[in-house]
Amino acid sequence: MLRLTDIKLPLNHQDADLTQAVLSKLACSAQHLKQVSVFKRGFDARNKHDIQLIYTLDIEVDDHETLLAQFANDPHVRISPDTRYKFVGQAPKGLTQRPVVIGLGPCGLFAGLLLAQMGFKPIILDRGKEVRERTKDTFGFWRKKPLNPESNVQFGEGGAGTFSDGKLYSQVKDRKHYGRKVLTEFVDAGAPDEIMYVSKPHIGTFKLVAMVERMRAQITALGGEVRFSTRVDDVHIENGQLIGLSLSTGERLDCQHAVLAVGHSARDTFKMLYDRNVYIEAKPFSVGFRIEHEQSMIDECRFGPSAGHPILGAADYKLVHHCKSGRAVYSFCMCPGGTVVAAASEEGRVVTNGMSQYSRHERNANSAIVVGIEPEKDFPGHPLAGIELQRKLEEQAYALGGSNYDAPAQLIGDFLNGKPSSELGDVKPSYTPGVKLTDLSEVLPDYAISAIREAIPAFDKQIKGFAKADGLLTGVETRTSSPISIKRGADYQSVNVQGLYPAGEGAGYAGGILSAGIDGIKVAEAVALSMLENSELD
Ligand code: FAD
């Protein structure tokens with residue numbers, strides 16, 4: 001197979017144009033071309049009156065060698081890399097030890113799946129409920145039922161990404177093509193085939209729920225075991241080696257290999273690990289608000305006359321502004337045609353995030369507009385100080401929202417002018433249980449407020465209407481990434497506890513569904529190799 005990159009065609013081209021573009025590029029005749037398949041399809045909408053589709057194609061031709069020699073100096077004609085996943089080993093028959101995976105978010109799901117596929121029969125523990133039960137609790141909370149601190153947007157089967165936009169792209173370096181393995185498994189579990197080739201795939205909430213269930217079924221069919229409502233409350237360490245876990249069920253589970261994939265909201269678990277001297281450092285994260293505009297405004301601004309084109313879908317954006325103060329403000333987790341969701345996992349605290357369905361047909365676009373903060377400057381003195389800052393901001397938001405899980409909100413115009421809001425404009429809030437109009441400047445530190453006030457008008461220069469007075473801000477967004485890093489070495493084990501494999505977003509090694517899945521694969525390989533090495537020594 002040969003791979004051709006950077007093949008550009010107009011948005012409304014015909015299927016046959018693709019083959020024609022290949023033939024013109026290679027200056028060869030149709031009878032030499034055996035097959036053309038799309039590896040990736042992106043688009044360039046910088047000129048909205050002439051949007052181009054950009055293809056990466058895999059082609060089969062009669063004589064690869066001659067063509068390659070002919071195009072030796074063209075970086076856009078190369079051999080297609082082999083992106084198939086290869087397992088690092090298989091568990092020997094009769095292996096009695098079983099690895100444990102703590103957390104069934106994307107990281108734990110892929111760590112567990114890979115270990116199961118390699119024959120290691122993992123035991124997977126999650127503090128939350130199986131995904132259907134969890135969905136009832138989470139949607140119940142959004143309809144004003146009480147918050148269940150163990151079953152919500154953050155905790156339970158599927159992890160934090162289950163009720164999300166399901167964006168499946170990441171900027172991590174992926175030389176071994178682990179991302180392809182993640183996408184392939186998702187397609188096998190029911191995701192649309194297009195996630196394999198569109199440049200910014202997404203699957204939305206409801207598809208994810210069913211996919212996660214199918215992947216769990218595969219793990220158990222391969223001899224793995226999944227236990228829900230089972231929180232790890234303690235780790236037992238002897239001479240720097242993990243030897244067991246205490247569970248919320250009262251059981252003690254002996255284990256020498258545990259993947260710690262607990263996500264960024266397992267604050268009690270972080271405290272427990274810190275108390276057990278597992279090495280943890282504070283790390284930068286970001287805080288801010290969710291911003292909502294009408295999706296039609298974003299579509300129009302980005303795609304002009306092509307707004308609504310089925311290939312383009314609902315438009316997204318990615319914005320960054322470097323403030324005079326040296327702070328960076330950026331958009332994060334943009335959800336086209338989606339809703340703002342209540343993402344709290346602790347009582348008496350309000351947190352926002354965003355989600356959408358596959359169709360992305362809701363009226364509003366939302367994204368987090370956040371300010372980067374750093375331990376040295378903004379929460380110094382203790383590895384867990386970032387968690388305390390998050391809690392303080394979430395409590396302020398809860399109080400400002402009326403102490404009933406409504407979120408505090410403000411119109412963009414009022415926020416920029418420093419006056420409390422009292423009446424909604426055209427943009428209707430999508431957050432449930434509900435919002436309370438107020439003055440959001442009370443909820444974040446002054447440096448963050450002034451940075452966001454500087455950034456929004458700057459963003460308006462890129463997306464006309466972004467600073468529109470009746471756009472809406474809802475607070476607070478505090479869980480953009482983990483406030484800590486649980487340090488691991490080159491062998492993927494904690495730097496001071498052998499057998500403990502910090503992984504995924506909570507440990508600071510991923511940010512998003514795809515990168516968490518990739519990290520799960522890497523850690524599963526490390527666990528497998530270590531177990532195989534030890535089983536040879538036995
Ligand atoms: P998590 O997904 O957080 O999973 C951790 C799991 O560990 C949870 O299931 C939890 O119940 C369990 N757990 C915690 N503590 C314990 C314990 N002590 N014992 C047992 N189990 C425990 N990312 C994207 O790429 N695209 C998106 O569109 C997107 N949208 C999002 C929308 C929302 C509303 C949210 C909240 C997040 C979104 N994200 C998105 C981020 C993404 O979900 C996370 O980056 C990803 O889920 C991290 O995966 P993880 O496996 O590392 O951790």
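Helix 1 (residues 15-26) packs its buried residues against strand 1 (2-10), strand 2 (33-44), strand 3 (52-61), helix 2 (64-70) and strand 4 (77-79). Contact means heavy atoms within 4.5 Å. The model is predicted: local features need pLDDT of at least 70, side-chain atom pairs count only at pLDDT 80 or more, and totals for chains, interfaces and linings use all residues. Residues are numbered from 1 along each chain as its sequence is written, and side-chain values use heavy atoms, with hydrogens and water left out.

**Helix 1**

- The buried residues of helix 1 are L18, A21, V22, L23 and L26. Buried means under 20% relative accessible area, exposed over 50%, and partly exposed in between (1.4 Å probe, protein chains only).
- An α-helix has 3.6 residues a turn, so residues three or four places apart point the same way.
- Helices (H or I, at least four residues) and strands (E, at least two) are DSSP runs, numbered from the N terminus.

**Nonpolar cores**

- The largest nonpolar core has 85 residues, of which F289 and L444 touch the most other members. Such a core is a set of buried Ala, Val, Leu, Ile, Met, Phe, Trp, Tyr and Cys residues joined through side-chain atoms within 4.5 Å.
- Helix 12 (residues 446-460) gives the most to this core, with seven residues.
- L444 touches V287, G288, F289, L393, I449, I452 and V476, not counting residues up to four places away in sequence.
- A second, separate core holds 50 residues, including A91, A111, V212 and I513.

**Helix 3 with helix 6**

- Helix 3 (residues 106-117) and helix 6 (residues 204-221) pack at an angle of about 30°, and their axes are 9 Å apart. Axes are lines fitted to C-alpha atoms, for helices over the stretch in contact, and angles run from 0 to 180 degrees between N-to-C directions.
- Helix 3 contributes L109, F110, G112, L113, A116 and Q117 to the contact, and helix 6 contributes V212, M215, Q218 and I219.
- By class, this contact has seven nonpolar, three polar and no charged residues. Ala, Val, Leu, Ile, Met, Phe, Trp, Tyr, Cys and Pro count as nonpolar, Asp, Glu, Lys and Arg as charged, and the others, Gly among them, as polar.

**Buried polar and charged loop residues**

- R327 lies in the loop between strand 14 (320-322) and strand 15 (328-335). R327 counts as buried because its relative accessible area is 10%.
- D406 sits in the loop between helix 10 (385-400) and strand 19 (407-411). D406 is buried, at 12% relative accessibility.
- The D406 side chain makes a polar contact with the side chain of K144 (3.4 Å). The D406 side chain also reaches the backbone nitrogen of G434 at 3.3 Å.
- D406 and G434 are 28 residues apart in sequence, but 4.7 Å apart in space, C-alpha to C-alpha.
- S481 is in the loop between strand 21 (472-477) and strand 22 (484-486). S481 is buried, with a relative accessible area of 18%.
- The side chain of S481 makes a polar contact of 3.1 Å with the side chain of K283.

Terms used: A polar contact is a pair of N or O atoms within 3.5 Å; within protein, one must be able to donate a hydrogen and the other to accept it, and residues adjacent in sequence count only if both atoms are side-chain atoms.
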